[in-house]
Protein chains: 2
Amino acid sequence: MFEAAELGRKIPKSQYKKLAPVLRAELLEVQQRLRDAPFPVIVVFAGVDGAGKGETVNLLNAWMDPRWIVTRAFGPSSDEEQERPEYWRFWRELPARGRIGLFLSSWYSEPVLDRVHRRVKAARFEERLNRMVDFEQTLADDGALILKFWMHLGRQAQRKRLKALEKDPLTRWRVTKREWKHWRLYDRFVAAAEQTIRHTSRGNAPWTIVEGGDPDYRELQVGTVLRDAIRQRLDERGVPVGATNPAASAKGAGRRQPIAAALAATPSILSSLDMSPQVPKKKAGRLIEMQQGRLNGLQRKAGPRGISTILLFEGWDAAGKGGAIRRVTAALDARSCQVIPIAAPTDEERSHHYLWRFWRHLPRAGRLTIFDRSWYGRVLVERVEGLASEAEWRRAYAEINQFEDQLVEHGIVLAKYWLHITSDEQLRRFKAREQTPHKRWKLTDEDWRNREKWPLYERAVNEMVERTSTRTAPWTLVEGNDKSYARIKVLETVCDRLEAALDE
Amino acid sequence: MFEAAELGRKIPKSQYKKLAPVLRAELLEVQQRLRDAPFPVIVVFAGVDGAGKGETVNLLNAWMDPRWIVTRAFGPSSDEEQERPEYWRFWRELPARGRIGLFLSSWYSEPVLDRVHRRVKAARFEERLNRMVDFEQTLADDGALILKFWMHLGRQAQRKRLKALEKDPLTRWRVTKREWKHWRLYDRFVAAAEQTIRHTSRGNAPWTIVEGGDPDYRELQVGTVLRDAIRQRLDERGVPVGATNPAASAKGAGRRQPIAAALAATPSILSSLDMSPQVPKKKAGRLIEMQQGRLNGLQRKAGPRGISTILLFEGWDAAGKGGAIRRVTAALDARSCQVIPIAAPTDEERSHHYLWRFWRHLPRAGRLTIFDRSWYGRVLVERVEGLASEAEWRRAYAEINQFEDQLVEHGIVLAKYWLHITSDEQLRRFKAREQTPHKRWKLTDEDWRNREKWPLYERAVNEMVERTSTRTAPWTLVEGNDKSYARIKVLETVCDRLEAALDE
């Protein structure tokens, strides 16, 4: 889930200096409009210490008109507060309609830390997450616009950041024993964070995960999300564009594009993959056979123990899904293994919920099922081709997470593969197919059409991994420019997952 | 919550014979239309054994065209089913678009029984309830119309019904040891049921509680809810009215009113109150003083122990709220007690969520706060006067339940009073006020206007009690035609609640 927030995204200083004043003017403009609006804006900040929560809130106060902003942070409960139900203090501090409330700590802080420090059990933590969802639902139903930012830093990045703060006499006070104690609990913290975000990211109160390493990047990121969300809601509600700041507005309209472009130019999950690894042709066959033997042995143990496995493959056209799948099935007894190719749905399937056909094909205990393309079509091809509406594919992330939760909870080993190749490599393979008579049938006009939409698919894949790669059901990204390397990586990771399940 | 389903509602046989054929024709008509619709209808039946779940499903199959109905019941899981996640069998059996699925048992059955038999802990039960909500949300988001009927019988009514079934040689087979075992667990069952209904009754998948004692009543009740919900959804989706059954349609339109009238003529929670109890004038003063002394003593213990109390009063105009409240405050030290009169909201209050102003007034530990009118205004005056939209007051039941949960969970003693008088008694009091100079100010034009809306308010009160009277926060209905009786009942129940809290 946090892969996309550990890529070292940065905005060049010179660019930031040009873009920040534009964003600032636009934020002021939407804030002015908001004053007449019939709804409040509630902005929650949470995340890793040192990822810039406080700085961001300070900056927003500096950029916007602080008279219409309420900034709140909550420490340990006072006597007054302890004598009332937990949410009393949050209710008191909610912004009125037309105002923005920035919550530097919130209803998330205590429950997450209580969980990290194991002061509450998993079940009680779930209950508290439910209460958060109910609270936000109540406010959103009443019209509140709720935005939540999870500021993230990788484990090492956080360490570096704390060290840097400690070194500077001016910021040393900000790093106490408490911060280092948290850092040592980093893994637990991230696990609790993942559970929290998955459980509480709803259509009416979504989380945005922000990489917190570079101040300029995170400020532009938070600022644009805030600007766009408020502006969209104002437009939906028909709040007129005020004449308060026409200059900024006009300037803004012309310059909006550059900020989006600058953010898009930062690394993504896919663009950060190292595509160079290769396996020498000579060694490849032997290595594949080794892993196949291992897989065969593992599956012969898993079958009688009733451990089912589901592998699913997504990837670019010509990325080598078929070849990788054949290397897996070749290692297995055909009776214990099934490949489900997913094409356009049948009439019967179309007359049900899109997940229905995947539920149908769940394997019996002890079997291995391979989905050649999968339920992720909803957020890939259906999204890009407009076969699903934005509302449909957006809510699919939660639906898919819930579906996979049920698989994993039932004890099924679930491994998800994205076979990745570069655009150049795809072109090379397409051309090779054209020239090889017995492969020509594999290449269709549709493949060429899909290729033109590469950037759209790339965005969809990045978001898919960000939203659905979880501790219980992680994505494995397979660097596929070298086919042998890809096949070995697939076989090896399937074996590792199965082995881990057998060891449990 | 089940008060309204233990009133002995009945439809006279002669009336039923006239109305049933009309309803049947109308159900057939909506079913015909539904066949072209882009959504399925999912109907869940649950409830007390013997309350007519099976009979109702059989009847619907007989009344409608069974080719387009899927009826399903689920027993203990088969081998096949146990080898897949729990919801696999439910997904498999979902109706296709245009069809109706009747689920005689469902995803509710096993979790509720597991809880009743204490095979799962409270926390695990909550998790399973969440899964139900997510499942139904997923289906509803995809367009499914979901209706859920909870068929209810009071404890004694269930016993009678089981005895009757046992006596008849033709139905004896239906009552096994299992049914009697369930009956002995009745209280636990009802507690689990209440939790289930509160947690899973959502806007897109609401529960309807049906009194199951009289077959004719329950059939008309289920049939009309089904008919109206499908018809409304068809109209919303623009599915044309078919020419398949114009006769039934025309006949239906003319006769719809009588069925609604017959159902409305059955007893309600308010109409079932025995309004005759009186306390002789002579004894009243002494009895009130006794309870006041008791209350004073209890509050002097509750204060130092930090136990807070909230009393809220709702009731008809001139029902005696003020008098009852004064009898409570007279018993208490003014420093430990506060009355919050709720009138139209201030500007500041209006610029927040409607619950905000009630959160503000929550008492500190050890105090007693009286709300003279309350958050229930949302589902009473705001509903009846159109100050809240239907969507707003409908979702308020859940919001209020969640709010009160937080109060009770925090240890606050919450007592809710509806002061009830008959319409005749109100008229008598209004007239008396008109004629008493020092009371004339109390009577306004608004009181007369409200009086004209008596039936609308009555419906709102009945629904309020049905939806928000829970084990943790029950309503106390106070028979108020005799003022002394009412005051004593209020004082006595406050004392009982406080005493119970002190004993914990």
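Guide: A cavity here is a set of grid points where a 1.4 Å probe fits but cannot get out, and its volume is the space filled by probe spheres set on those points. The model is predicted, and every value below is computed from it.

By this rule there are five cavities of 30 Å³ or more. The largest cavity holds about 90 Å³ of space. Its lining draws on both chains: chain A gives Ser351(A), His352(A) and His353(A), while chain B gives Pro40(B), Ile42(B), Leu94(B), Pro95(B), Arg97(B), Leu139(B), Asp142(B) and Ala144(B). Sorted by class, that lining has six nonpolar, three polar and two charged residues.

The second largest cavity has a volume of about 70 Å³. Here Ser351(B), His352(B) and His353(B) come from chain B, and Pro40(A), Ile42(A), Leu94(A), Pro95(A), Arg97(A), Leu139(A), Asp142(A) and Ala144(A) come from chain A.

Now the contact itself. Chain B contributes 46 residues and chain A contributes 47 residues. Between them about 4,400 Å² of area is buried, with carbon and sulfur atoms giving 49% of it. Of the area that chain B buries against chain A, 15% is supplied by Trp91(B), Trp359(B) and Arg364(B), more than by any other three residues.

The rule finds eight salt bridges between chain B and chain A. In one salt bridge, the side chain of Arg131(A) meets that of Glu409(B), at 3.0 Å from N to O.

On the side of chain B that touches chain A, the elements giving two or more residues are α3 (79-82), α4 (88-92), α6 (122-141), α15 (356-360) and α17 (390-409) of chain B. The largest share of that side, 10 residues, comes from α6(B). By class, the side of chain B that touches chain A has 20 charged, 17 nonpolar and nine polar residues.

Terms used:
Residues are numbered from 1 along each chain as its sequence is written. Chains are lettered from A and ligands numbered from 1 in the order in which they are written. This is a predicted model: local features need pLDDT of at least 70, side-chain atom pairs count only at pLDDT 80 or more; totals for chains, interfaces and linings use all residues. Side-chain values use heavy atoms; hydrogens and water are left out. On a 1 Å grid over the protein atoms alone, a cavity is a set of points where a 1.4 Å probe fits but cannot get out, and a pocket is an open set with protein on both sides within 12 Å along at least five of seven lines; lining residues have an atom within 4 Å of a point. Ala, Val, Leu, Ile, Met, Phe, Trp, Tyr, Cys and Pro count as nonpolar, Asp, Glu, Lys and Arg as charged, and the others, Gly among them, as polar. Contact means heavy atoms within 4.5 Å. Buried area is the accessible area (1.4 Å probe) that two parts lose on being put together, summed over both. A salt bridge is a side-chain nitrogen of Lys or Arg within 4 Å of a carboxyl oxygen of Asp or Glu. Helices (H or I, at least four residues) and strands (E, at least two) are DSSP runs, numbered from the N terminus.
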